Every structure is written in structure tokens, then in C-alpha cells.
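User: Could we go through the helix packing and the ring contacts of this structure?

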Amino acid sequence: MNTNIPSRQEVLSIPKEIGKKYRVVQYVDNKSEVVVATDDPTNAEIVSLLKQVYKARNVKLAYALPEDIDSLLVHYREPLETRFKKIIEQSDRIAPDVVVEIIDDAIVDRASDIHFEPQETEVIIRIRIDGVLQEAARIEKKYYENILNLIKVNAHMRIDEHASAQDGSMRIRKGDKAVDMRVSVIPTLDGEKITIRILSEYVKRFSLSEIGLSVNDQDLLIAASKRPFGMILVTGPTGSGKTSTLYSVLRILNNPGVNVTTIEDPVEYKIKGVNHIQVNTQTNLTFAKGLRSIVRQDPDVILVGEIRDEETAEIAVNAALTGHLLLSTFHANDAATAIPRLRDMGVESFLLASTLELIVAQRLVRKICQTCRISKNVKRADLEKEFPAIKGVFSENEVSLYEAKGCAACHNSGYIGRSAIFEFINMTREMKDLILADPSTADIWRLAVEQGAHSMFEDGIVKVKQGITTIEEVLRVAPPVITEAKQTKSKTK
């Protein structure tokens with residue numbers, strides 16, 4: 001298929017029963033000839049069926065990727081609330097059918113979370129797509145109790161418990177694939193709220209380049225991961241893609257000659273050959289206690305889902321010091337802040353200097369839809385007037401940027417999928433010496449910049465120039481950071 005995306009009207013020109021069953025989409029209609037795209041052009045039955053649709057006109061088949069066909073077939077879907085009404089009118093299995101429709105929509109739309117939010121008279125259903133919540137439908141509250149109980153049963157929760165928070169998990173099958181989901185239920189004033197996290201299989205196959213790492217950053221991360229011991233920390237808020245980054249590293253390290261063990265809360269993705277341990281507070285299996293036991297299991301590589309407290313931090317540092325490569329996440333606003341925060345948790349400076357190999361900070365930005373992406377030229381003065389924070393970023397008088405018009409593939413949002421923007425602090429000899437002097441965050445970042453580090457904002461601007469994301473997205477998650485070292489470099493140019 002070329003860059004002309006069929007409209008909703010063009011898709012619906014083929015009857016739903018034919019379009020969905022045979023996976024065909026009208027592509028070009030020039031009166032005498034109709035070009036129809038499909039991912040199975042060898043199916044001889046398709047042409048004869050389409051000739052009944054298009055009568056005397058010649059029908060020609062063209063190949064399209066399955067994902068392109070999937071993105072267009074969504075036009076056949078009726079609004080979720082319309083399907084709810086039909087289920088209520090025609091089905092005696094209202095709760096199961098409603099839940100199936102919601103989960104199916106969430107998977108098709110690449111959603112990461114589903115929220116059931118009870119109000120006084122109705123329940124609002126929202127889904128999070130590429131990090132942004134969108135309302136999907138509403139349903140009368142009288143149907144919610146059965147929906148709630150169904151999800152509780154499938155997630156192995158108590159249906160007679162309504163005053164306490166509960167956590168569980170469930171698995172559904174979609175064709176030949178299994179989709180794992182993490183379920184949380186909490187009591188609110190208007191009823192129990194459900195949040196379902198859809199655990200995507202794609203993380204298992206992501207490479208370092210696919211998560212958004214530049215070639216230079218990949219080299220830094222690979223070099224650090226090849227060392228026999230030490231600590232690699234990935235920092236950022238919840239939902240910033242830290243787990244994806246660490247699992248991409250595990251894919252490189254995982255081989256029959258290496259013992260890889262993880263302890264996580266929860267275990268979101270399973271990798272063949274890796275020993276996964278789930279934190280369980282009911283059996284007193286905490287990060288700290290689990291990590292103590294892992295060290296006795298002859299590991300080569302240890303992944304700790306998160307360093308949350310002083311005890312875990314102390315054990316993690318000691319594990320990295322005694323011949324293990326330790327990977328973990330840590331909540332810090334940026335890479336430089338991680339070191340003072342670890343010091344505040346009681347980790348001695350000399351231990352940090354001895355064990356830290358690399359600190360990574362990251363955020364997620366939405367990617368411009370490549371299907372409907374267009375380029376535009378903008379005057380630098382107009383751009384800086386619209387976004388004062390980027391003043392001085394672009395040197396040319398006219399800047400070439402990208403945006404998306406909105407299409408079926410991205411559900412008219414202009415974005416599809418996400419990429420990460422990064423900043424790295426490499427533990428050079430000079431950086432280790434600086435850590436011994438209990439430096440401030442500003443001191444750490446100043447030295448990192450002098451040694452060639454870039455901020456998340458700067459990495460984001462590179463992705464803007466490459467047409468991966470937009471200035472709005474970068475500024476949403478990573479404001480500019482101006483350091484004295486950077487200013488000095490600019491003045492000497």
C-alpha cells in the first residue's frame with residue numbers, strides 16, 4: 001500500500017461480512033478499475049466475491065501488510081456503547097459479553113490499561129493508549145456488580161470482600177496468543193474501581209534500538225552490561241519504560257552460560273532461561289529478603305525490580321560489589337539526582353564509587369504516526385515564539401518538522417506507539433572521584449556534560465528532527481536543562 005490511506009467511507013464500501021472475513025479493503029476506485037488491498041492476494045475466492053460488489057468494473061488485488069489491514073478493519077467496529085445496548089437487548093450473558101468487548105477493543109487499540117470507574121448512576125470505562133487516558137464508553141451501574149464479580153473470579157480475588165484493596169491476575173487467549181493481565185480493585189465512595197494492566201508481549205522482543213536508544217547510548221549500555229560485576233540503574237517515574245529497557249538488556253545477557261535471576265513486584269514479562277521471582281508480602285518475601293536468597297543461588301546477573309528502601313539498597317550494592325552484575329530501577333527525576341538520593345538512603349560514597357557503572361534516566365514520548373505523517377517548514381522565530389523553552393535549539397532560520405494529520409491507523413490521534421528519550425551518566429574515573437567528595441546534583445551533571453552527556457530534552461530534540469516525535473511531546477515530559485558547562489561550551493564555539 002502507498003501513502004494514501006483509505007477513508008472510513010472507502011473501507012465501508014465493501015460489506016462488513018466480506019471485508020472482515022476475507023480481510024479486504026478498497027484502496028483505489030477510478031471508475032473503470034478498483035484496487036483492493038488484502039494480506040492474502042492468492043485467495044481466488046476474493047475476486048469473484050468482489051466482482052459481485054463492484055459489478056462491471058475490473059477488480060485488481062494488491063498486497064498489504066497484515067497490520068495495515070488490521071488498522072483499517074477497525075472502521076467496521078460500532079461504538080462500544082452501541083455494542084453494549086445490543087448485548088443488553090439480545091444476550092443473557094451480559095457481564096461476560098461486555099467484558100470481552102472492552103478487552104478486545106483495548107487490545108486492538110494497543111491500550112496499556114483499562115479503568116472501570118463507578119459514579120453515582122453509571123460506570124465510566126476509560127482506556128490508556130500511548131500514555132493518554134481516553135473515555136471508551138459508559139454503562140448503567142445496575143450491570144456493574146456482575147461485571148465486577150466476573151473480573152474478581154477470573155483474577156482469583158474474593159468476591160465477598162468490598163472494603164479492602166485486592167490485587168490479582170488473569171490470562172485470556174486471543175487466537176493462538178495468550179494475553180496476561182494484572183488486576184487491581186480498590187473501594188471508592190461510589191463502588192469498587194477496577195484497573196486492568198495489559199502486559200504486552202512485545203517487550204520480550206524489543207531491541208535496544210527499538211526502545212529509542214541512539215547508537216552511542218547503545219554502546220554505553222552494552223559496554224556496562226558486559227562487565228563482570230557492578231550496578232546499572234535506570235531511573236524515572238512509574239510508567240516511563242524502565243522495565244522495557246532492563247529487559248532489553250537481559251535479552252543480550254541471557255544465554256545458557258549465564259545464571260540470570262530477577263525479583264520483581266510484579267513479574268510482568270517472562271523470558272525463557274531466566275529465573276523470575278515474584279515479591280509476596282503475605283509470605284514475607286520482600287525485595288530485601290529475596291535478594292539475600294538470590295545471592296546464595298550462584299547468580300551471574302541479578303535484576304531487582306526496584307530499590308525502594310535502605311535495606312534493599314544496601315544488599316544490592318553489596319551484591320554488585322561481590323562479583324555480580326546488578327540491574328535495577330530507582331525513582332529519581334534525572335540521572336544526576338540518583339546519586340544524592342542513594343546517599344540519603346544510607347549508601348556510603350565509597351561503595352557507590354566502587355559499584356556504579358551506569359545511570360540511565362528516561363521518559364516516554366508518543367511517536368508520530370508514520371502512516372499519515374507529513375513534513376512542514378516553520379520559521380525559527382515563529383517556533384521560538386510558540387515554544388519559548390526551545391530558544392537557541394535550532395540554528396537554521398527555517399526548520400523542517402513533522403506532524404500527523406490523523407488517520408485510521410492512529411485513530412485520528414496523530415500518534416501511534418511510544419519511544420523513550422534518555423540521558424546517561426557513565427561512571428568514568430573522574431566521576432567516581434567526584435562521588436567520593438559527596439557532590440551535589442548540579443556538580444554531577446556539570447561533570448557529565450563536560451564528558452559528553454546529553455539531557456533527555458536534547459535526546460528528545462534529536463528525535464524531533466528525525467521525525468519520530470513532536471516538540472510538544474518532548475516538552476511535556478522533559479523540560480530543557482541548561483548547565484554552566486553547556487553554556488561555557490556554547491560561548492567558546
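Predicted model: local features only at pLDDT ≥ 70, side-chain atom pairs only at ≥ 80, totals over all residues.

User: How do α8 and α9 pack, then? At what angle do their axes cross?

Analyst: Helix α8 (residues 215-225) and helix α9 (residues 242-253) cross at roughly 60°, and their axes come within 11 Å. The two helices are therefore oblique to each other. The crossing of α8 and α9 is right-handed.

User: Which residues meet there?

Analyst: From α8, Leu221, Ile222 and Ser225 meet Thr245, Val249, Ile252 and Leu253 of α9. Five residues of this contact are nonpolar, two are polar and none is charged.

User: And α6 with α7, how far apart are the axes?

Analyst: The axes of helix α6 (residues 94-108) and helix α7 (residues 144-154) are 9 Å apart, and the packing angle is about 70°. Helices α6 and α7 therefore count as roughly perpendicular to each other, as that class runs from 65 to 115 degrees.

User: What residues make that contact?

Analyst: On the α6 side there are Ala95, Pro96, Val98 and Val99, which meet Asn146, Ile147, Leu150 and Ile151 in α7. This contact has seven nonpolar residues, one polar residue and no charged residue.

User: Switching to rings: how many aromatic pairs does a search of the whole structure find?

Analyst: The search finds one aromatic pair.

User: Which ring does the charged end of Arg366 sit over?

Analyst: The charged end of Arg366 sits over the ring of Tyr415, at 4.1 Å from the ring centre.

User: What about Arg373?

Analyst: Its charged end sits over the ring of Tyr402, 4.2 Å from the centre of that ring.

Key:
Residues numbered from 1 in each chain as written. Heavy atoms only, no water. Phe/Tyr/Trp six-rings, centres within 6.5 Å; stacked < 30°, edge-to-face > 60°. Lys NZ or Arg CZ within 6 Å of the ring centre and 35° of its normal. Axes fitted to C-alpha atoms, helices over the stretch in contact; angles between N-to-C directions. Helix = DSSP H or I, 4+ residues; strand = E, 2+ residues; numbered from the N terminus. Parallel < 35°, antiparallel > 145°, perpendicular 65-115°, else oblique. Left-handed = near helix turned anticlockwise from the far one by under 90°. Contact = heavy atoms within 4.5 Å. Nonpolar A, V, L, I, M, F, W, Y, C, P; charged D, E, K, R; others polar.
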